[in-house]
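This report describes one protein chain for a reader who is new to structures. Please look over the sequence and the model before reading on.

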Amino acid sequence: MAEEEGPPVELRQRKKPKSSENKESAKEEKISDIPAPERVPKHVLFQRFAKIFIGCLAAVTSGMMYALYLSAYHERKFWFSNRQELEREITFQGDSAIYYSYYKDMLKAPSFERGVYELTHNNKTVSLKTINAVQQMSLYPELIASVLYQATGSNEIIEPVYFYIGIVFGLQGIYVTALFVTSWLMSGTWLAGMLTVAWFIINRVDTTRIEYSIPLRENWALPYFACQIAALTGYLKSNLNTYGERFCYLLMSASTYTFMMMWEYSHYLLFLQAISLFLLDIFSLKQNDKVYEVYKIYIFSLFLGYLLQFENPALLVSPLLSLVAALMLAKCLQLNVKKGSFVAKIIKVINFYLVCTLTITLNIIMKMFVPHKENGHMLKFLEVKFGLNMTKNFTMNWLLCQESLQAPSQDFFLRLTQSSLLPFYILVLIICFLSMLQVIFRRINGKSLKETVTLEDGRIGERPEIIYHVIHTILLGSLAMVIEGLKYIWIPYVCMLAAFGVCSPELWMTLFKWLRLRTVHPILLFFPRLMTELMELQEFYDPDTVELMTWIKRQAPVAAVFAGSPQLMGAIKLCTGWMVTSLPLYNDDDLLKRNENIYQIYSKRSAEDIYKILTSYKANYLIVEDAICNEVGTMRGCRVKDLLDIANGHMVCEEGDKLTYSKYGRFCHEVKINYSPYVNYFTRVYWNRSYFVYKINTVISFQS
């Protein structure tokens, strides 16, 4: 009996370990059931390598050719190589002249440290004002360019101006290459990248301002933003391997920070991008963890930028920081519930409301406790722009009259239609948007998404990177429909998205599956024809401005302070180095007020009033521009003198306004006649067809 009862006891004792052995054996059987990956044939590997090599070569070549194209076009437009230094510098207009002038100052400084100190404690640009030019004007590109010029020994090979514009043109080549790569990543074929570049060049009037204003901050910053978007596109892809994911993450981190350092308005663009990623996360498209990794990049870039931008408070009160902080807090409060359940859907709605509320609350709190000089004029401008308020303020009305701040014209849509870009973009956007809605409804109904989406599935809306781009381009497009200047940010991605759709078999398969055309295979149907203007000879000819600058350098005292329109003052600062009373910059309330006061020389004010305004800024010379004084504007009420008359109450703006009659003529006209009391205050010392220069008298006899 003992021998017979032994085995049951032994089995009872080994029951637990046998269970674990069964689990292990089950795992082994499960693993053994998975088919081992077949070895890829060598000819397939060679085809993949050849495809990637040709695509990379095409991307780099496209960027290089575009940079060379810009250089050749710039040479033919301005005849740059045949001009003297003064004539070259005059081609930099408005705020572009200010940026380049500081690049020159850095090259003239005895050392880099001394140059940076003089820029951060600058009292030689604007009279009676010491400014931190590096922080206020985002002069990091000029600092980098000056260091590279001297460190590489380029001063013995190339002139400073060619080195400067060469860097900007090179960045534009990187810009095009990044758009190429983004479209390639989305479509799977480098032909989409070629089409992106073609559309970008054909529509360059609406894709870039590089041809008109080379040193603009956006021309330095947007190439890095394009690199960031290309890295983000690759990072969001579901089938990316670990090494590719790490590379995209590092590239995204570096380009995000660099973009933030190059442009003062960069955090607003990143705010729109963060909204797009938040909506992507709301749709539960399998990228939750990746999205929050991007949020960490935002936080790192904001705080590092805050420290290196002289503790710039604008970054702390930025809506981007408030949104990201709210998203992080909301994630901590999320509950672990089964996805697709009714409770999960309710939590999603609550989470959306919570993030919106927290973002607004945190932003208000930050503005209460962080001392900052917020651009109050921007908020006032938006109020007037959207009809929430009315104003007679000269600065606000002057900004509203700027073409870049108005709604797009019919010519804008006509150009995009003629290049075939707009029709294809709308078609691609509609297909992707409808497919995205289809995916959202599947999620609402509790249906799970496929781990891998094949071409035959026709579900392009399940790809996270596509949904991100759809949301992002809709947000950018909505803003561009209100402010035309934002088209330079939106249209490049319109080119990219349209090219992706035209060349993507998956997008066409989605459409064909909807139409029950299962046997039709998509093909590339369209290639726009590249057009070139390199054979068209142009010439930039402005002898009056050259004569004015020459006279200032030869006749005006070194300590003289000049007053005039902000655009002209920028050119004087660059070409002569003399001190001025105002600058063509619109991010500082004090400078905006100065501009409005100096513009009074074109209003119906007395000679004594103008004299008091100019001497309050220690001005020694006044320059009257005939083009502004006798301006014939195409838009009613948008001439400078009309805006001044409205602000001063000398013109009826709306019904019911009280008209104040001025007993004085327009100053810019009256001062030319040389009669009392104008000759008592101002003495004409130089004039040509475009400019009249008056010395502001120091000893005045106040009699009429």
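## Basis of the description

This is a predicted model, in which local features need pLDDT of at least 70 and side-chain atom pairs count only at pLDDT 80 or more, while totals for chains, interfaces and linings use all residues. Residues are numbered from 1 along each chain as its sequence is written, and side-chain values use heavy atoms, with hydrogens and water left out.

## The whole chain

The chain contains 33 helices and five strands. Both are DSSP runs numbered from the N terminus: helices are H or I with at least four residues, and strands are E with at least two.

Of its 704 residues, 50% count as buried. Buried means under 20% relative accessible area, exposed means over 50%, and partly exposed lies in between (1.4 Å probe, protein chains only). Among contacts (heavy atoms within 4.5 Å) between residues at least 6 apart in sequence, 72% join residues at least 24 apart.

## Nonpolar cores

A nonpolar core is a set of buried Ala, Val, Leu, Ile, Met, Phe, Trp, Tyr and Cys residues joined through side-chain atoms within 4.5 Å. The largest has 159 residues, and those touching the most other members are Leu 277, Tyr 295, Phe 562, Ile 572 and Ile 623. Helix α9 (residues 160-187) gives the most to this core, 15 residues.

At least three residues of this core come from each of domain 1 (166-528) and domain 2 (543-696); the domain bounds come from an automatic or database domain assignment. Another core, apart from this one, has 35 residues, including Ile 598 and Val 640.

## The sheet

Five strands form an open sheet with mixed pairing, in the order β2-β1-β3-β5-β4. Two strands pair if DSSP finds at least two bridges between them. Strands β2 (579-580) and β4 (682-687) are the edges, each pairing on one side only.

Strand β1 (residues 561-563) runs parallel to β2, and two bridges join them. Phe 562 has Val 580 in β2 as its bridge partner.

## Recorded spans

An unreviewed UniProt entry lists eight spans as "transmembrane region", among them residues 184-202 and 422-441. UniProt positions follow the numbering used here, feature names are shortened, and annotations may be inferred rather than shown by experiment.

Residues 184-202 are 89% helix and 0% strand, with end C-alpha atoms 19 Å apart. Residues 422-441 are 100% helix and 0% strand, with end C-alpha atoms 28 Å apart.

## One residue

Glu 118 sits in helix α6 (residues 112-120). Glu 118 is partly exposed, because its relative accessible area is 31%.
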